[in-house]
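Here is a short briefing to read beside the structure.

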Amino acid sequence: ELTMKDKIAWWLMGLFNNIGFVIMAASAKSILPSSVGIVYLANSFPSLLLRLSAPYWFNKVSVQIRMTSAFILFITGFTVVAICESTKLKLLGVACISAQCGLGEMSMLAMSTRFPQASLTYWSSGTGGAGIFGYAYVVALHRWLGLSNFIVLISANAIGVSYYGTFRSFDIP
């Protein structure tokens with residue numbers, strides 16, 4: 001049986017892991033106004049490549065290293081997209097978020113096998129919440145409050161810190 005703390009942590013991990021993808025998708029027009037489709041490709045393709053290559057390396061890297069790497073990719077991705085003017089660098093930042101999402105998802109789903117089956121339910125519910133909260137985050141900050149895309153994206157790093165902090169709260173069996 002999952003404790004209430006673990007239920008909340010699994011839900012938050014699903015939310016935090018996927019919210020980066022949603023924020024980038026919601027910000028695509030602000031990132032590259034004339035190339036929204038390219039932003040979407042950069043937001044999806046790296047994750048697919050990680051998933052395809054995982055059978056060759058995944059079990060050789062600990063969950064702690066994979067999740068620390070996901071955290072670094074999260075912070076790097078949002079920071080690069082927020083501060084860089086170059087289209088190529090912005091797309092690289094979006095690709096970092098895609099890689100973070102895929103790496104985090106694979107790692108957390110693998111880790112769920114060490115916990116009661118309900119962990120997967122809470123994780124999945126959190127990933128669904130990411131769609132709602134990610135778009136609401138962008139709409140509220142950028143469209144309603146009129147904050148710049150720089151502020152919206154750079155402040156998302158607080159979500160990355162919360163992501164890593166929540167992961168560190170797990171007692172990994």
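A residue counts as buried under 20% relative accessible area, as exposed over 50%, and as partly exposed in between. At 82% relative accessibility, Glu 1 is therefore exposed. The model is predicted. Two salt bridges turn up in a search of the whole structure. The largest nonpolar core has 49 residues.

**Salt bridges**

- Lys 7 pairs with Glu 1, and their closest N and O atoms are 3.9 Å apart.
- That distance counts because the cut-off for a salt bridge is 4 Å between a side-chain nitrogen of Lys or Arg and a carboxyl oxygen of Asp or Glu.
- Glu 105 and Arg 51 form a salt bridge through their side chains, at 2.8 Å from N to O.
- Glu 105 belongs to helix 6 and Arg 51 to helix 4 (residues 45–53), so this pair ties together parts that lie 54 residues apart in sequence.
- Glu 105 is buried, with 19% relative accessible area.
- Arg 51 is partly exposed, at 32%.

- Asp 6 is part of helix 1, which spans residues 4–26.
- Which side chain of opposite charge is nearest to Asp 6? Lys 5 is, at 4.0 Å.
- Asp 6 is buried but has no salt bridge.
- Setting aside neighbours within four places in sequence, Asp 6 contacts Phe 115 and Phe 170.
- Phe 170 is also one of the residues with the most contacts inside the largest nonpolar core.

**Helix 1**

- Helix 1 has 23 residues.
- From first C-alpha to last, helix 1 reaches 32 Å, close to the 33 Å expected at 1.5 Å a residue.
- Helix 1 has a kink of about 35°, centred on Ile 19.
- How many of the residues of helix 1 are buried? The count is 17 of 23, and helix 1 is mostly covered.

**The largest nonpolar core**

- In soluble globular proteins, nonpolar side chains tend to be buried together.
- In this model, Ile 23, Met 108, Phe 167 and Phe 170 have the most contacts inside the largest core.
- Elements giving two or more residues to this core include helix 1, helix 2 (28–31), helix 3 (36–42) and helix 5 (63–83).
- Also among them are helix 6 (87–111), helix 7 (118–144), helix 8 (149–155) and helix 9 (157–168).
- The largest share of this core comes from helix 1, with 10 residues.
- Beyond residues up to four places away in sequence, Phe 167 touches Met 13, Val 63, Gln 64, Met 67, Met 108, Met 111 and Ile 172.

- Thr 68 lies in helix 5.
- Thr 68 is partly exposed, with a relative accessible area of 26%.
- Along the chain, Thr 68 and Ile 31 are 37 residues apart, and 26 Å separates their C-alpha atoms.
- Thr 76 is found in helix 5 as well.
- Thr 76 counts as partly exposed, at 32% relative accessibility.
- Thr 76 and Ser 47 are 29 residues apart along the chain, with 16 Å between their C-alpha atoms.

**Helix 7: Leu 120**

- Leu 120 is located in helix 7.
- Is Leu 120 buried or partly exposed? Leu 120 is partly exposed, with a relative accessible area of 38%.
- Leu 120 touches Leu 109 and Ser 112, leaving out residues up to four places away in sequence.
- Leu 120 and Met 108 are 12 residues apart along the chain, and their C-alpha atoms are separated by 9.1 Å.

**A loop residue: Ser 34**

- Ser 34 sits in the loop between helix 2 and helix 3.
- Why does Ser 34 count as exposed? Its relative accessibility is 75%, and the exposed class begins over 50%.
- Ser 34 and Leu 73 are 39 residues apart in sequence, and their C-alpha atoms are 25 Å apart in space.

Technical notes. Residues numbered from 1 in each chain as written. Predicted model: local features only at pLDDT ≥ 70, side-chain atom pairs only at ≥ 80, totals over all residues. Heavy atoms only, no water. Helix = DSSP H or I, 4+ residues; strand = E, 2+ residues; numbered from the N terminus. Buried < 20%, exposed > 50% of the residue type's maximum accessible area, 1.4 Å probe, protein only. Lys, Arg positive; Asp, Glu negative; His and termini not counted. Contact = heavy atoms within 4.5 Å. Core = buried A, V, L, I, M, F, W, Y, C linked by side-chain atoms within 4.5 Å. Expected span 1.5 Å × (residues − 1). Bend = angle between axes of the 7 residues up to and from the residue.
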